[in-house]
Amino acid sequence: MATEYPANTMPGEGLAEFAKEVKARTAGTLDIVASYDGSAGIPSPEIPLAVRDGRLEAGDAYEGTLAGLNPIFSLSSLPFVANEVKDAQRLADLARPLYAEAFEQLGQHLLYVTPWPASGLWSTKPIANTEVLRTLSIRTYDATSAKVMQTAGARAQALSFSEVPAGLGNGSINAVLSSGDGAAGQKLLKWLPYFTTIEYAMPLSFATVNKKAYAALSPQQKRAVDQAAEITEFRQWLRLQHRAAQNRQHLQELHVAVDQPSAPLRESLQIAARQAIVEWERTAGPEATAILEQFRHRANP
């Protein structure tokens, strides 16, 4: 079971917790061999396909890179829709049937979701205003976020996290949209000593297992796997409640300058976000759009 992210990020910690729970609940008859930090050689965009094809039995993939497989996977990474933990969890719960169905069509069973802390902008210099934003070449994590940054005036391209160090090293990017959770942030601060807390989105990663591998389990093993997945997801949402503060303290200890965005910068990004969401709704279809509308209605009765 592989993830592109380091062991001390939210997906890495979730994978370790899930593996531990499965082993305990099956008395060791089922043992998950975890692979972190892209060491399996499979980046997030390819993990669901590797699970589908049996190259991996299970994996954890970041949602933003999966939009090409199904637009529903972009839902929780839509800009400025859900920036508080309780809202992000409610949106994930509303969309879960569609997520599960989309993975079923890809030949896999959805185990659990892992939430990320809110995404911010890492950069080589302070982003004091929209003029500075226009000088940046930003790594984004999906087509929607690339469109938002381009509309706001920056150059932007969607890259998986494994491609980021090379882009920073050769200068093709000088800013990164990311939470920088755990060791992921340590990989960025070598080049990017500034972090602006724009609170763009609180996206998800998805942990899935090959459908045939799951079907081959005994009823007792299936029950144990499902219980392990349920408790892992529950603990991940609990962990997220304190994660942003922990990450911010860690960044300050590492001498990363953590800044709030100016009001004009935030407004510029939010204006750009509106059009990107309209475009997502156009491609995502009525079921996905209905989930977003249901979420918005409950947030603003």
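How many cavities of 30 Å³ or more does the count come to? The count comes to one, where a cavity is a set of points on a 1 Å grid over the protein atoms alone at which a 1.4 Å probe fits but cannot get out. This is a predicted model, in which local features need pLDDT of at least 70 and side-chain atom pairs count only at pLDDT 80 or more, while totals for chains, interfaces and linings use all residues. Residues are numbered from 1 along each chain as its sequence is written, and side-chain values use heavy atoms, with hydrogens and water left out.

- The volume of the largest cavity is about 110 Å³, taken as the space filled by probe spheres set on the points.
- Its lining has 14 residues, each with an atom within 4 Å of a point; Tyr5, Tyr62, Trp116, Ser178 and Ser179 are the closest to the centre.

**The sheet**
- Four strands (DSSP runs of E, at least two residues) form an open sheet in the order S1-S2-S9-S3, with mixed pairing; a pair needs at least two DSSP bridges.
- Strands S1 (2-3) and S3 (108-115) are at the edges with a single partner each, so one side of each has no neighbour in the sheet.
- S2 (residues 58-62) and S9 (residues 204-210) run antiparallel and are joined by five bridges, with Ala58 partnered by Val209 of S9.

**Helices on the sheet**
- Helix H9 (residues 219-253) packs on the sheet and touches S3 and S9, contact meaning heavy atoms within 4.5 Å.
- Helices are DSSP runs of H or I with at least four residues.

How values were computed: Axes are lines fitted to C-alpha atoms, for helices over the stretch in contact, and angles run from 0 to 180 degrees between N-to-C directions. On a 1 Å grid over the protein atoms alone, a cavity is a set of points where a 1.4 Å probe fits but cannot get out, and a pocket is an open set with protein on both sides within 12 Å along at least five of seven lines; lining residues have an atom within 4 Å of a point.
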